[in-house]
Amino acid sequence: MGVGIEVQNLNAWYGSNHTLQDICLNISANQATALIGPSGCGKSTFVRCINRMHETNPIARVTGTVRIGDVDIYKDAKPVEIRRRVGMVFQRPNPFPTMSIYDNVAAGLKLNGYSNRRALDEIVEKSLRNSALWDEVKDDLRKKSGASLSGGQQQRLCIARALAVDPEVLLMDEPASALDPVSTSKIEDLIFQLKAQYTIVIVTHNMQQAARVAEQTGFFLNGRMVEFDTTHKIFTNPSDKRTEDYITGRFG
Amino acid sequence: MSAAPPEIRVNTEMAAPQQAGSGDPAAKSAEPSEVRKYLLSRGNSAFGDRAFHVLMVLCSLTIFGIVALIVWQLVLRSQMSWHAFGLKFFFQRFTDPDTHRSSFWDPIGQQFSALPFIFGTLVSSFLALLLAVPLAVGTAVFLTEMCPKILRGPLAFLTELLAAIPSVIYGLWAVFILIPQLREHVNPFLISKFGWSGLFDDTNPTGLGFVASGIILAIMILPIISSLTREVMTAVPHSQREAVLALGATRWEMIRMGVLRNARIGIVGAVILGLGRALGETMAVTMVIGNSAEIHKSLLSNGASMASVIANEFAEAVGDMHLSALIEIGLALFLVTIVVNALARVLVWAVTGGAPRQAH
């Protein structure tokens, strides 16, 4: 089951570059929340703060509070614990090229020492079914490497890999931007189904995509969150002029 | 809406030369510009190009020529020993008719076998790998994944500086520092703790031998293994590290699964390249290996390597057969190192630049 995320006064820096400024928002459980905005506005940095990936860069710094469920992730937990609860799918598919499809999906569990074979088999199948890849790969699970799949399949493999550790939150950083329209629509269908079980935060450049998959949408601009509301309101009746300019294509 | 007017303008522009443009092109052809005149005066440069081509082909052929010449000379001058001993040269052991002692290498009795030298080369090289690989990979992991950025450059430079030290200097250092230490402290310790294995016995009190040459070789091949390992590890895309981290991996797990696993073929290549260097290393090994053509189980005993026996005996060879046998050892060493190096290069190349990789 997904959990809600509560963000208060989140600030983030890359070196001296203040990439996120005073972000406050509440992300509801079991919904998809889309983050839109022009390139470099801080959307990606924001999701990377939710699983503490931002700080893996030595020059990066974060202040503020992020609560996932009732855990303050910057106070009460180590990054490793957070990342086990918060799955992430990256912009470019990044399967492990030296592992089979099966091992790719099982990687997160094997990493944590989970070795019950039968349970692993079940989890791998379930994750691949959930990411709508099972039918395409079930015959070559152990024969083919993760890198031998097409780009869209690779991205769904990465989603399966993230789902296999049964996360509470799934972060997706422009998951479809490197994919063709058919693969994109498969990923979107997937997001639609997955939000029954997970809290999903999706960064996207594609406003139609945000409108199709998300209940709530946040608009970021220059490191600040300009507006956060239901997707319907953002796209039909935004209260901020800048949001309106962006979604009508006047800039960005 | 704003796109429409330029489209119309483009159309008229394209139509214009056809209708009334005969004046403009005519004026151009009457008076070619300075640039055009200069370029026309340049000719087609065919001769220069041809000459350059021939020159470059000659340069590259020189390299192949040198290699071919070496092989030809080695083959030619090892004929005598080849005809006398054949393939048995590489694994025979014979008994001295007078003393009834078995031996491998008897220049006076004209009996030659490469076996103890092949044994010595293999043992000292693998000992070197055993010591150098963990150190080198550890250094590479530290430098690429853990070291603060400001220290990375200087430390990498220092590691690579080890490769610039002439091997005779390593040999001298070993003779004056390493060997006494081994003799006084390390060897007695090995004998008392691991003597039961038979790999360390106390028949040789000099401190010279396989252990000493293995340590020296390890230091000498450390820089090449570690710098190549660093290179292949740096070539692993950052997204692979992030993928592992995002699954909740610790730093060590990230390095193991995200970096070492992806770089492993290249690391094997780096190790084999180090092996190639160890196989052929001459000076330092000759100074510390003890130089006796024998085969013992003990790693503390004296031995000789293929390179060291050539260095030691070539100038003072007694008779043509002796010389020919040494050259045949040289030929064998040459072929083995070429094959090992080629294999290693292919592996490193496959990781850093060759085979296209799907993941980014």
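Select residues 354–360 of chain B. In this predicted model, pLDDT stays under 50 along that stretch. The model still gives residues 354–360 17 contacts beyond four places in sequence.

The average pLDDT is 86, and 89% of the residues of chain B score at least 70.

Next, switch to chain A and show it as a cartoon. Ten helices and ten strands make up its secondary structure count. The radius of gyration of chain A is 18 Å, close to the 18 Å that the globule rule gives for 252 residues, so chain A is as compact as a globular protein of that length.

Now pick out two helices of chain A: H4, residues 117–130, and H6, residues 151–164. Their axes come within 8 Å and cross at roughly 130 degrees. That angle makes H4(A) oblique to H6(A). The crossing of H4(A) past H6(A) is right-handed.

Show side chains where these helices touch. On H4(A), select A:Ile123, A:Ser127, A:Leu128 and A:Asn130. On H6(A), select A:Leu157, A:Ala160, A:Leu163 and A:Ala164. Which classes of residue make up the contact of H4(A) with H6(A)? Six residues are nonpolar and two are polar. No charged residues take part.

How values were computed: Residues are numbered from 1 along each chain as its sequence is written. Chains are lettered from A and ligands numbered from 1 in the order in which they are written. This is a predicted model: local features need pLDDT of at least 70, side-chain atom pairs count only at pLDDT 80 or more; totals for chains, interfaces and linings use all residues. Side-chain values use heavy atoms; hydrogens and water are left out. Axes are lines fitted to C-alpha atoms, for helices over the stretch in contact, and angles run from 0 to 180 degrees between N-to-C directions. Helices (H or I, at least four residues) and strands (E, at least two) are DSSP runs, numbered from the N terminus. Angles under 35 degrees count as roughly parallel, over 145 as roughly antiparallel, 65 to 115 as roughly perpendicular and the rest as oblique. A crossing is left-handed if the near helix is turned anticlockwise from the far one by less than a right angle, and right-handed if clockwise. Contact means heavy atoms within 4.5 Å. Ala, Val, Leu, Ile, Met, Phe, Trp, Tyr, Cys and Pro count as nonpolar, Asp, Glu, Lys and Arg as charged, and the others, Gly among them, as polar. pLDDT is the predictor's confidence in each residue, from 0 to 100. The radius of gyration is taken over C-alpha atoms; the globule rule is 2.2 Å times the number of residues to the power 0.38.
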